[in-house]
Amino acid sequence: MKERTTGIKWTHHTFNPWWGCEKISPGCAQCYAETFSFRTGHANLWGGPKSERRFFGYKHWQEPIEWNRAAQNTRLLDGKKVIHWRANRGVYMAETPIQSMRKEEGILTRMDADSFLALPRPRTFVFSASMADILEDRDDTIPAFIQLMETIHATQELTWQLLTKRPDMFPVRLEKAYRHANKIGMMIAGYILSLWSNGEIPENVWFGTTAENQEELDRRLPHLGRIPAAKRFLSVEPMLGPVVLPDSAPVDWVICGGESGKNCRHIPIDLGLKLAAQCESLQIPFFWKQDSGPLPGQQGRIPSEYWENQQFPA
């Protein structure tokens with residue numbers, strides 16, 4: 001199994017309970033997910049009630065279960081080596097998973113289970129959703145939303161990075177999902193949703209919101225602050241204007257990125273530099289993902305001191 005299945009540098013995997021969304025703010029104007037969806041032949045997924053949503057079957061939903069199983073068998077050694085446990089053969093020490101490497105590429109050592117389990121465990125991040133917004137208020141997505149909540153609870157070795165442009169809809173979606181689960185007799189799902197509604201969100205959940213400019217930050221940040229997640233974060237991407245954080249910003253992490261694509265909206269690099277300085281002053285980890293430009297993931301004008309020190313929360 002691949003250790004990383006996405007090019008997004010601040011996560012290891014992306015998981016989408018469905019595809020499709022309705023555009024609601026300036027950051028949506030040149031949506032990369034819409035562009036990708038069109039390329040793959042799914043054109044009618046980006047709009048209001050008349051648009052469709054693409055749902056998935058068993059194989060798709062097994063992906064996070066497999067990622068979780070791999071994470072259970074992964075540890076850090078000397079702070080950097082990722083090692084993967086095989087009860088019948090000891091441990092391979094390598095930078096890549098044992099399934100994709102030959103024996104000569106790593107060092108085969110013997111280690112008992114207790115010694116292996118005592119080693120620290122690296123985080124395995126899963127971003128949801130890159131092709132949807134899990135808090136979009138549509139009744140046809142409620143079953144998949146419930147299944148996502150169940151999956152999160154079943155994958156405690158994964159750290160879920162849930163990102164939305166609709167943090168105000170958090171209690172509404174939970175209430176609708178809870179009513180639906182109880183109506184059709186999904187007792188375990190109903191219990192899980194009641195925990196979330198009562199503020200008992202699992203420790204493996206980080207919750208974030210997008211803030212492409214000051215107006216959206218001011219509108220969304222108070223709602224994000226009411227979500228009692230283990231970590232809260234901001235995605236200032238695509239950055240379309242100045243963003244000034246309040247001194248008491250209820251966030252543990254800030255991601256920043258310029259817009260990519262052939263029609264990207266370029267911004268002065270000073271806007272990113274000012275946001276980086278704010279985060280440093282407020283002691284908020286800062287992850288500068290990319291400069292604006294035709295291609296994604298490019299350093300461009302970003303100073304090396306930020307590009308080479310893309311930070312995560314502790």
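This is a predicted model: local features need pLDDT of at least 70, side-chain atom pairs count only at pLDDT 80 or more; totals for chains, interfaces and linings use all residues.
Numbering runs from 1 along each chain as its sequence is written, and side-chain values use heavy atoms, with hydrogens and water left out. Helices (H or I, at least four residues) and strands (E, at least two) are DSSP runs, numbered from the N terminus.

**Helix 1**
- Ala33, Glu34 and Ser37 are the buried residues of helix 1 (residues 32-39); buried is under 20% relative accessible area, exposed over 50%, partly exposed in between, with a 1.4 Å probe and protein chains only.
- Viewed down the axis of helix 1, they fall within an arc of 100 degrees, so they line one face of the helix; the arc is taken over directions from the helix axis to the C-beta atoms.
- Exposed Tyr32 and Arg39 sit on the face of helix 1 turned away from its buried side.
- Strand 2 (18-19) is part of what covers the buried residues of helix 1, where contact means heavy atoms within 4.5 Å.

**Arg54**
- Arg54 belongs to strand 3 (residues 54-55) and counts as partly exposed because its relative accessibility is 27%.
- Setting aside neighbours within four places in sequence, Arg54 contacts Trp18, Trp19, His42 and Leu45.

- Seven strands make an open, parallel sheet in the order 1-8-9-10-11-12-13; two strands pair if DSSP finds at least two bridges between them.
- Its edges are strand 1 (13-14) and strand 13 (286-290), each pairing on one side only.
- Strand 9 (residues 158-164) and strand 10 (residues 205-210) are parallel over five bridges, and Leu163 has Gly208 as its bridge partner in strand 10.

**Nonpolar cores**
- The largest core has 59 residues, and Trp196 and Phe207 are among those touching the most other members; a nonpolar core is a set of buried Ala, Val, Leu, Ile, Met, Phe, Trp, Tyr and Cys residues joined through side-chain atoms within 4.5 Å.
- Helix 4 (residues 142-154) gives the most to this core, seven residues.
- Another core of 10 residues lies apart from it, including Phe127 and Leu163.
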